[in-house]
Each structure stands twice: as structure tokens, then as C-alpha cells.
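Biologist: I am new to this model and would like a close look at one part of it, the aromatic rings. Please take them in order and then go on to other features.

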Amino acid sequence: MLWMVLLNIAGVLAILFIATYRKKYRHLRVNARQIVIRSKFLNSPYGKWMNPLQVIEGGKKARWNIDFRKYWFLVIIGSAVAIVLLYIFFRAVMIVPLGLLGGFALPNVLLYYRKRKYDDMLYTQLSAYVNTLANLVSTYDNNVFRALSEVAGFMDDPVKQDIIQMVRKIEHNIPMKKAFDDFYQTYPIEQVKMLHDMLLLIEDYGGENSDVLFSIAENFDRSLINRKKVRDAKAPNRKAFYSLMTYLIGMPFALMIFSYDYYLTFVQSMVGKGIFIVVIIVGAFSAIKIERIYDNDKILQQGGN
């Protein structure tokens, strides 16, 4: 019975994987993509986390090279691990198919951490942008356009390309304020807006404002330092939570090793199943909440003081 369920699940996932990998099955891949695009459930707030296009598009924004083939590979790996764990925990074939949820969750989890890494890189680049631009404006005697034209040479992608686009807009007679606003839409950091507002004042009225520009850059650096301090302060509680979850998840394995008969009796009872279900549900929702708190970036939005 168990093997039949596992084989059916593996077969469905294998077909989806092959359809996205083999050229001779390209028509299946196109059909699968159209089904995903047209599916109301996969595009709803409740089902979008199972939508491969959501992960693929999100990966592009975070510079994560993931396609349909890699997506389904992760789903298969995640499902296999989740199915094994569920069967060990519950010893009930009917619960095993729920392991598919774990498979679809894996690409989303990896994308979440990829976005975190990407955001950290962006904040570092934007800090360099603010500091370098403040210095160049001072060096070029408040020539804002020349400073903007030169600052891209000190940056890396993707910020570099957005700066180049911003300069090209100004060259094509698009108002500097509009170019700045478009840049801020891509990088909604308060210190970036403050710097651009100050540059507009310099462009319109001139005057010596290097101290203000350097103050904005220093404020941004302080924000990044405070952000790291806040994360470091949250880290022990976050680590303690995951240590507890590791202990709870590992407990069934320990019971099996020391007293398999007792474990089997416990897990096959309604109380045992209820406890494991509560642990899984509470643990999943708590992990999501903890990660959101850990990634709270209000310091960067409000400025660091």
C-alpha cells in the first residue's frame, strides 16, 4: 500500500520533471506552463506559493538562476524527504501524500533566503553609492550631473545598471527629479531619497552642501550598523527556537532507537498523532513569524539614529 502511494507520487513528479527537461516533450512543458498561468488556484493568495512561475520570477529579481527543471528537481527532493519523515512520524499511509506540501515549500524557502542574501548585498552597494556620490559632488564643485555620470564606474550590478539608466534619462531631457523618483521606486531607502532631494537643491540653487551630503551618507552607514546590531540581538532567540524544533523533530527517532514498541503504540494513537500534527503546524507558522521579525528593516526605512 505504501509503496503504491509513493510510486504514484513519484510518477507524477517525474512526468512534470521530464516535461520541463527533455526537448522532445516540449509540448508538455508548454501545456504545463499554460495550465499554471491560467490556474485560478495557483494565482490566488492561497495557492501562489505552489506556483512555479512565482518562484522563477522571484529568483530572477534576486539573481537566482532557477528554471522549471531546477524547480521540479527541488520539489521532488523536498517531497521525498517530507514523505519519509511523515511516514516515520505517523506510520500512516494516508498522511504520506501531504509530503508534497513540503516539496512545494522547499523552493520557496530557498528563495526566501536567497532574497535575504541579495538584499544584504544591495544595501551594501547602496551605501557605497551614497558615500561615493557625496564625495564626487564635493570633488566636482557641486556638478551633480558629472558626479552621477562618474559614480556608476565605482559600482557593481545591478545598482550600476540602474544608475546608468538614470543618467541616460537625464541626458534625454527627462527631469532629474523624475529620474531620481524612478530610482527610488526600485530602491525605496530613505537615505537614498534624502540624498537625491539634497542633490536637487544643489542643482537648482547651488551652494556649499558637502557637510549635509556626508551627514546623509554617515546616517546610512549608521543604519546598516544598527541593522546588524538588531539582527545580532535577535539571533540567540532565533537559534534557540531552531534548536528546540530540532530536538522535537529528533525525538521520534530517539524513541524508535530506545523503545520501538512504545513509539509505535504512541504514534498510532490519536494523542500521538495529534501531538505531532501540533508540533509541525505550530513549528511551521512560528518559523515564518520568527524569520519575518529577524528580517524587519524598519531601521533602514526610517534612518539610523
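Modeller: Rings of Phe, Tyr and Trp (for Trp, its six-membered ring) form a pair if their centres lie within 6.5 Å; planes under 30 degrees apart count as stacked, over 60 as edge-to-face and the rest as tilted. By this rule, there are six aromatic pairs. One of them joins Y112 and Y113, an edge-to-face pair with 5.8 Å from centre to centre and 90° between the planes. The model is predicted, so local features need pLDDT of at least 70 and side-chain atom pairs count only at pLDDT 80 or more, while totals for chains, interfaces and linings use all residues. Residues are numbered from 1 along each chain as its sequence is written, and side-chain values use heavy atoms, with hydrogens and water left out.

A residue is called buried under 20% relative accessible area, exposed over 50% and partly exposed in between, with a 1.4 Å probe and protein chains only. Y112 is partly exposed because its relative accessibility is 29%. Y113, with a relative accessible area of 33%, is partly exposed. F183 and Y187 make a tilted pair, because their ring centres are 5.0 Å apart and their planes stand at 50°. F183 is buried, at 3% relative accessible area, and Y187 is buried at 5%. Y71, W72 and F104 make up one aromatic cluster.

Next comes helix 6. Helices are DSSP runs (H or I, at least four residues), numbered from the N terminus. Helix 6 spans residues 144-151, and V144, A147, L148 and V151 are buried in it. These residues lie on the same side of helix 6, because they cover an arc of only 100° around the axis; the arc is that of the directions from the helix axis to the C-beta atoms. An α-helix has 3.6 residues a turn, so residues three or four places apart point the same way. The cover over the buried residues of helix 6 includes helix 5, helix 7 (159-171), helix 8 (176-186) and helix 9 (190-205).

S138 lies in helix 5. With a relative accessible area of 30%, S138 is partly exposed. Leaving aside residues up to four places away in sequence, S138 touches S210 and F214, where contact means heavy atoms within 4.5 Å. S138 and S210 are 72 residues apart in sequence, yet their C-alpha atoms are 5.7 Å apart in space.

Definitions and conventions. Helices (H or I, at least four residues) and strands (E, at least two) are DSSP runs, numbered from the N terminus.
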